[in-house]
Amino acid sequence: MTEGLAYRPSGPGHASVFCIDIGGSFMKFAVSAGPGLLVALESIETPATDWSAFTRSISGLLARHADKASATAPLALSIAGLVDPRSGRAISANIPCITGRPIGSELSGLLGRPVVAANDADCLTLAEANEGAGRGHSVVFCAVMGTGIGGGLAIDGRLVRGAGGVTGEWGHGPILNTTVEVGGTMLHIPRFSCGCGQSGCVDTIGGARGIERLHRFLCDRDETSRQILQDWQDGDERAGTTVAAYLELLADPLALAVNITGASIVPVGGGLASVTALIAALDGAVRTRILNRFERPLVVPAARQEDGGLAGAAVLGHQWSLAVEGR
Ligand SMILES: [Zn+2]
């Protein structure tokens, strides 16, 4: 079920869709005249704590670019937060003013056009599945490795949202191992407490903050993930220990996700994806742990890392338009 369908368009011909990638700091606005076509129009600050200012900002964007698409062209949103597919209500730590609101239907009513919304990781998943590294693959599991861990699942180019819209969120399940062997030494890793209330989640070790936490625990050093990963690539022994343990711990749950979903490609987004040596090492570790055999990389950097939110929102908008026209 797609969220935010309160507004029914009056006729056919919604070829173009507007899309906004809404982060905690900025909104990026674009128009898409068809699948694979995306024209960036404007970027403005996000009024993250003020709903009235938030809606005025979106109205302003649409008004300033009214000549780029029809007055009833759908608006598709990628948001830094979760959207419950049943209730349509959003939860966002970075954009507090949308939390608890059925954002799609509320904005549809205010703007007089259909509005569809999805989580930013889900939008990256759609972008990768249709126009990125996952193109041509039936099952695409997209792993987002940024400050924390997220993800999404697409089958035949369409998003699987699932109960609560949390499909693909592999960050808040357990890391399987608490003991790893690195260079002949057994290392015991504690179950770090997680922001979700559980302990031992993938998120506590898998993202940039997680690598830093692991490095602090194993090597008693406070360094940024960027520094740790650079030191690792330069052959530093301590960083090498941290990254070796990291790969052992992270490859298990990712391999499990590959087995369960049947994904034939795992594009990785988020800041850590820019460290291609890390993604290549993770790919090697995952491929030794799964049932299927791939003679090519399975875990790869996302191709739409830069504009995945916008590109995925555009895909969402076009898919919605086609579904409406087909009714
Ligand atoms: Zn958690």
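Partly exposed describes a residue whose relative accessible area lies between the buried class, under 20%, and the exposed class, over 50%. Glu 223, at 23%, is therefore partly exposed. The model shown in these views is predicted.

**View 1. Salt bridge between Arg 221 and Glu 223.** The closest N and O atoms of this pair are 3.9 Å apart. That counts as a salt bridge because the cut-off is 4 Å. Glu 223 has a relative accessible area of 23%. Arg 221 is partly exposed too, at 28% relative accessibility.

**View 2. Salt bridge between Arg 64 and Glu 42.** Here the closest N and O atoms lie 2.9 Å apart. The pair links distant parts of the chain, 22 residues apart. Arg 64 belongs to helix H1 (residues 51-64), and Glu 42 to strand E3 (residues 39-45). Arg 64 is partly exposed, with a relative accessible area of 47%. Glu 42 is also partly exposed, at 24%.

**View 3. Salt bridge between Glu 248 and Arg 289.** The N to O distance is 3.2 Å. Glu 248 is partly exposed, at 31% relative accessibility. Arg 289 is partly exposed as well, at 25%.

**View 4. A network of salt bridges.** Three residues are linked here: Glu 131, Arg 304 and Asp 307. Across the structure there are 11 salt bridges.

How values were computed:
Residues numbered from 1 in each chain as written. Predicted model: local features only at pLDDT ≥ 70, side-chain atom pairs only at ≥ 80, totals over all residues. Heavy atoms only, no water. Salt bridge = Lys/Arg side-chain N within 4 Å of Asp/Glu carboxyl O. Helix = DSSP H or I, 4+ residues; strand = E, 2+ residues; numbered from the N terminus. Buried < 20%, exposed > 50% of the residue type's maximum accessible area, 1.4 Å probe, protein only.
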